[in-house]
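Hello,

Here is the structure we spoke about handing over. Please look it over first; my notes follow below.

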Amino acid sequence: MHVSSSTALTESVTDAAALRHAFGAFATGVTVVTTGGPVPHAMTANSFTSVSLDPPLLLICVAKSASMHRFLDGGSFFGVSVLAAHQEAEARHFANRYRETGAAQFAAVDVVPGELTDVPLIADAAVCFECELWRTYDGGDHTIFLGKVLSMRQRPGSDGLLVYRGRFASLEEVAA
């Protein structure tokens, strides 16, 4: 084993700003999580990952303090739209805490209803998933929501929108 000297700094994991910056070194996709029903809701999220192919499962992590938390906690279906590279405006819209609530928050964004659940899905997204809430787990100040994937639709050749170091980026920008 070769041990090299490094100029890396060891920082306290209790420093929230430093920890957020460190987590930002991992480039990730950007999604919009949606719920339907009489009062639909949406939020931008990058805490998303595939979990299992059999059964088909994905997970999202939502802060317990977020409005979306109560919509997911009390519902049975949700959608995940993996945003395409050209959809930064949609990501910013659903990240805005001051946007209108309910159905009105979707007025400025093109959405399509999910074929099986009617949850709103972002039109022209790279991929959209309709999910049934399968399990929840405590994740500190977040809840981990596992969804059983009921349907998906993909736009062939569509690159996803990324976030890296706290900024939106394309695959080419992150790779450079």
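Contact here means heavy atoms within 4.5 Å. This is a predicted model, in which local features need pLDDT of at least 70, side-chain atom pairs count only at pLDDT 80 or more, and totals for chains, interfaces and linings use all residues. Residues are numbered from 1 along each chain as its sequence is written, and side-chain values use heavy atoms, with hydrogens and water left out.

Start with Thr44. This residue lies in strand E3. (Strands, labelled E, are DSSP runs of at least two residues; helices, labelled H or I, are runs of at least four; both are numbered from the N terminus.) Leaving out residues up to four places away in sequence, Thr44 touches Val30, Thr31, Val32, Glu90, Ala91, Phe94 and Ala95. Two of its links are polar contacts, meaning N or O atoms within 3.5 Å, where one must be able to donate a hydrogen and the other to accept it, and residues adjacent in sequence count only if both atoms are side-chain atoms. A polar atom of the Thr44 side chain lies 2.6 Å from the backbone oxygen of Ala91. A polar atom of that side chain is also 3.2 Å from the backbone nitrogen of Ala95.

Next, the cores. A nonpolar core is a set of buried Ala, Val, Leu, Ile, Met, Phe, Trp, Tyr and Cys residues joined through side-chain atoms within 4.5 Å. Buried means under 20% relative accessible area, exposed over 50%, and partly exposed in between (1.4 Å probe, protein chains only). The largest core has 18 residues, and Val33, Leu58, Ile60, Phe78 and Phe129 have the most contacts inside it. Elements that each supply at least two of its residues include strand E3 (41-45), helix H2 (67-73) and strand E9 (127-139). A second, separate core has 15 residues, among them Leu83, Phe106, Val109 and Ile122.

Last, the charges. There are two salt bridges. The term means a side-chain nitrogen of Lys or Arg within 4 Å of a carboxyl oxygen of Asp or Glu. Asp138 and Lys64 form one, at 2.4 Å from N to O. Asp138 lies in strand E9 and Lys64 in the loop between E5 and H2, so the pair ties together parts 74 residues apart in sequence. Asp138 is exposed, at 60% relative accessibility. Lys64 is partly exposed, at 39%. Arg92 pairs with Glu88, their closest N and O atoms being 2.8 Å apart. These two sit four residues apart in helix H3 (residues 88-95), so about one helical turn separates them.

Best wishes
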